[in-house]
Structures are given as C-alpha cells and as structure tokens.
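Here is a short briefing to read alongside your viewer. Have a look at the structure first, and then we can walk through it together.

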Amino acid sequence: MSQGDGFLPYPKSFATQAIHHAQEPEQWDSMAVVSPLVTSTTFKQFGPADFKSYEYSRSGNPTRNVLEQVLAKLDNGKYGLAFSSGLGATTALLGLLNSGEHLISGNDIYGGTNRLFNKVAVKFGIETTLVDLSDIRNFEKNIKKNTKLVWIETPTNPTMQVVDIKAVSEIAKKHNLILVVDNTFLTSYLLRPLELGADIVSYSLTKYMNGHSDVVMGALVTSNDQLYEKMKFLQNSMGIVPSPFDCYQVNRGLKTLALRMEKHKENSLLVAKYLENHPKVEKVLHPGLPSHPQHETFKKQTCGHSGTFSFYLKGNIETSKAFLTSLKMFTLAESLGGYESLVELPSVMTHASVPPELRKELGISDTLIRLSVGLEEADDLIADLEQAFRGL
Ligand code: P1T
C-alpha cells in the first residue's frame, strides 16, 4: 500500500501474515484455530535421543516456535529467536564476539544497553566505542582491526536521532562487520532493517510488538544461516529463553500490531504538533515532523513513526517534576509502546545509568521529557497536557 507522503509503502500483507503465518490449525491434532499454549517443560521420546520435534523447552517449545516464525516473517527474515527480555537478546548477541574483540555502538541508546556494553561486556574483554552514527562520517574512522559488530538504534532512545541504515550497512559490509539494528521503537510494520542491509534485527518485544505492557521479552531476527545457527546455540546454551505463556501473549499482541501502530502514529503526530506550538515548550524531537533534522532520511527508510518521541520543556528540573506529577492520563513510568500513554524523565529514569558527561553531550537534560503516546483519544491526551502546562 502506498502512502503518498514520501514514506516507504507499507509492507504487503503485513496484517495477514501476522494473523495467519505459521498458525495453520492443521498442524495441531486438535485443529485449534488459536495456536495452543504448551507449558510442558519436556517431551516424551520414542527411544533415547529419538524424538518427534521437541525434547526440552529451553531448546525449543511449540508455542515459542510459532512466535519465532511469525517474528521472522514480519521482518521479511528467515529466522526468529525469542529471548526472556530485550536485554537478554542483546546479551546473547554479545556471545557472537570473542574476548579481545570490539563493537561500535550509536552513542544515544537505551540506558540499559549502554550499561550492558560498558559495565558487563567489558568484563568479558569486549570493548565498546560509542559513536554518533547519525553523522555517517563518524563511523569508518572508529573501525579498528578487531571490530566485529556495529549496533544501532534508530530513532535513538531518547533523543530521537535518525541513523541512515543503508549508509551504515555499506560501510559495515566493506569491513565485514555484523550490523545489528534495534528496531524496538518502530517495529517491523514501520521499518524492516534486513531489507536495508542489516544482518540482525533486535527487539525489546516488551514494547510495541506485544503492545499491552504485560510481557517482558526480546527477539533477534536474521536471514543469515550461519548467524542463526550461532544465535540458536547461544539461546539454548545461555538459557535466556521466555516462558511459553509470554510467547503466547506476544503472538496475540502481534495480531493487532498494524492497527495499533496506525493509531499510535496518528495520535503522536497530533500531540507533537500541539507541543510544537506551545509557549512552554522549548523544542520537539519527533522524526515525523518536518522540523526534525533527519526527517528526509527518516522518510526514505521507514513507513512512518511510532508513538514515542521527546521534547524539551522550558525551565529546570523543578518545572519537569511539577509537570510530570500533575499529568493525569499520561502515567509517569518507564517503558513505552503499550496501549496506555506513558511519560518519563530519561535523565533520572531510563538513562540514569548513562554517564553524566555523555548525557550532557547528548542533550539528555533534566528538561528532556519522553512521551509514549498510547491509543486513547488524542483530544483527551492533549487536554491532559494542557492542564499540566497551566499549573506551571
Ligand atoms: O526492557 P527490555 O525488554 O530488556 O528491553 C531493553 C530495551 C532494548 N532496546 C530499546 C530500544 C529499549 O528501549 C529497551 C528498553 N527500554 C525501556 C525500558 C525504556 O523505557 O526506554
């Protein structure tokens, strides 16, 4: 489907695949239309090491298997792997590197990913360089002999910078680097990194993909046979697997992903435009607005924006606190991508673990507010913001 507004066309049959791919009732003896939730941790064998499809649920589980197939399909990939959290998926990825190897990461990333790279991976001899990849000129000069992987988020969390995936991928290929794109903010409905040259797509499924703020889970998707074999080995060996119930929930969430993203998109643009015209707002950082410095790059590689974006309030930390605590419909809480609207202050919440000097460099100040615009009526959300501004 074409959108006619400069964005990429929507992926063909996305909702159909989300609903039907790998869900054929004929695969189950019961002919269940909704793929069953199989909670068994283990599976009977015909003889020693002679089994039908599954042996032990850490290694493979029917409910997880359905989800993994759908995830792969929605990213136009060959293989999907589910993990017990987004950071769990990233932890498994680190297992692709050996001690003494190096990774390059965008400098504005989720605070927990920054902490994992700089406080945990380093213990295993994996070195990380954080680079502003929204300016591609910074990339190649930071590649070293031992560089193995490049990690990007786009738009970045929380300053919403856009990274040109194709441009990064061309350089990554030249240097034989594995390119991983964290697609948590946009989902496979709005961005398909594999089609732009990425090797692996990483997700916190906790966010939009599940969409109901009731599951913590992650995933990796690839079309590369060798990377898949390695990551599957790591998934089982490291044991970072989700429960079948959580897989069932996420699979259910995916059925409405396209619908939900449409509404997130519409609502967030209405809220962003309202904020952009508000006298108490310094600046809005939303890649769907023409005022965003990389709006053109963003349009070139995506089908649109999600419900998450940030803005600067005029004032100081006290102004932010007063604003955040007087909101009634936007709940003050970490996370994003659920049906309910959330608001947070990254400097002391999701990005508190980012070193203060880097926060300063990135502009993660005490007046940078991040919104996750949910599926409520936009007028009600705007009225809530308005009453909070009035109290400042
Ligand atoms: O929370 P978890 O499922 O482990 O996912 C980690 C993660 C990975 N990638 C991105 C882009 C993320 O935003 C996150 C988690 N982020 C939040 C909890 C947050 O509020 O930003």
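Just after helix α6, N176 takes a positive phi of about 60°. Please keep in mind that this is a predicted model, as you go through the points below.

**Helix α6 and its surroundings**
- Helix α6 spans residues 165-174, and its buried residues are I165, A167, V168, S169, I171 and A172.
- At the start of α6, the backbone nitrogen of K166 has a side-chain oxygen of D164 within 3.3 Å.

**Around the ligand**
- Which residues sit closest to the ligand? Of the 18 residues that surround the ligand, the closest are D182, S204, T206, S335 and R370.
- For D182, a polar side-chain atom lies 2.6 Å from a nitrogen atom of the ligand.
- The side chain of T206 has an N or O atom 2.6 Å from an oxygen atom of the ligand.
- Taken alone, the ligand exposes 480 Å², and the protein buries 92% of that.

**Two domains**
- The protein chain is divided into domain 1 (14-254) and domain 2 (258-390).
- The C-alpha centres of these two domains lie 26 Å apart.
- Between them, 42 residues of domain 1 are in contact with 41 residues of domain 2.

**Nonpolar cores**
- The largest nonpolar core holds 86 residues, and L275, F311 and F323 touch the most other members.
- Helix α10 (residues 257-276) provides the largest share of this core, with seven residues.
- Both domain 1 (14-254) and domain 2 (258-390) contribute to this core, with at least three residues drawn from each.
- Leaving aside residues up to four places away in sequence, F323 touches F311, L313, I369, L385, A388, F389 and L392.
- A second, separate core has 25 residues, including L97, L149, V180 and I240.

**Helix α9**
- In helix α9 (residues 244-254), the buried residues are P244, C247, Q249, V250, N251, G253 and L254.
- What covers them? The cover over the buried residues of α9 includes α1 (14-20), α2 (62-74) and α10.

How values were computed. Residues numbered from 1 in each chain as written. Predicted model: local features only at pLDDT ≥ 70, side-chain atom pairs only at ≥ 80, totals over all residues. Heavy atoms only, no water. Core = buried A, V, L, I, M, F, W, Y, C linked by side-chain atoms within 4.5 Å. Buried < 20%, exposed > 50% of the residue type's maximum accessible area, 1.4 Å probe, protein only. Helix = DSSP H or I, 4+ residues; strand = E, 2+ residues; numbered from the N terminus. Domains from an automatic or database assignment. Contact = heavy atoms within 4.5 Å. Near = heavy atom within 4 Å. Polar contact = N/O pair within 3.5 Å; in protein donor to acceptor, adjacent residues only side chain to side chain. Areas by Shrake-Rupley, 256 points an atom, 1.4 Å probe, with all protein chains shown as cover.
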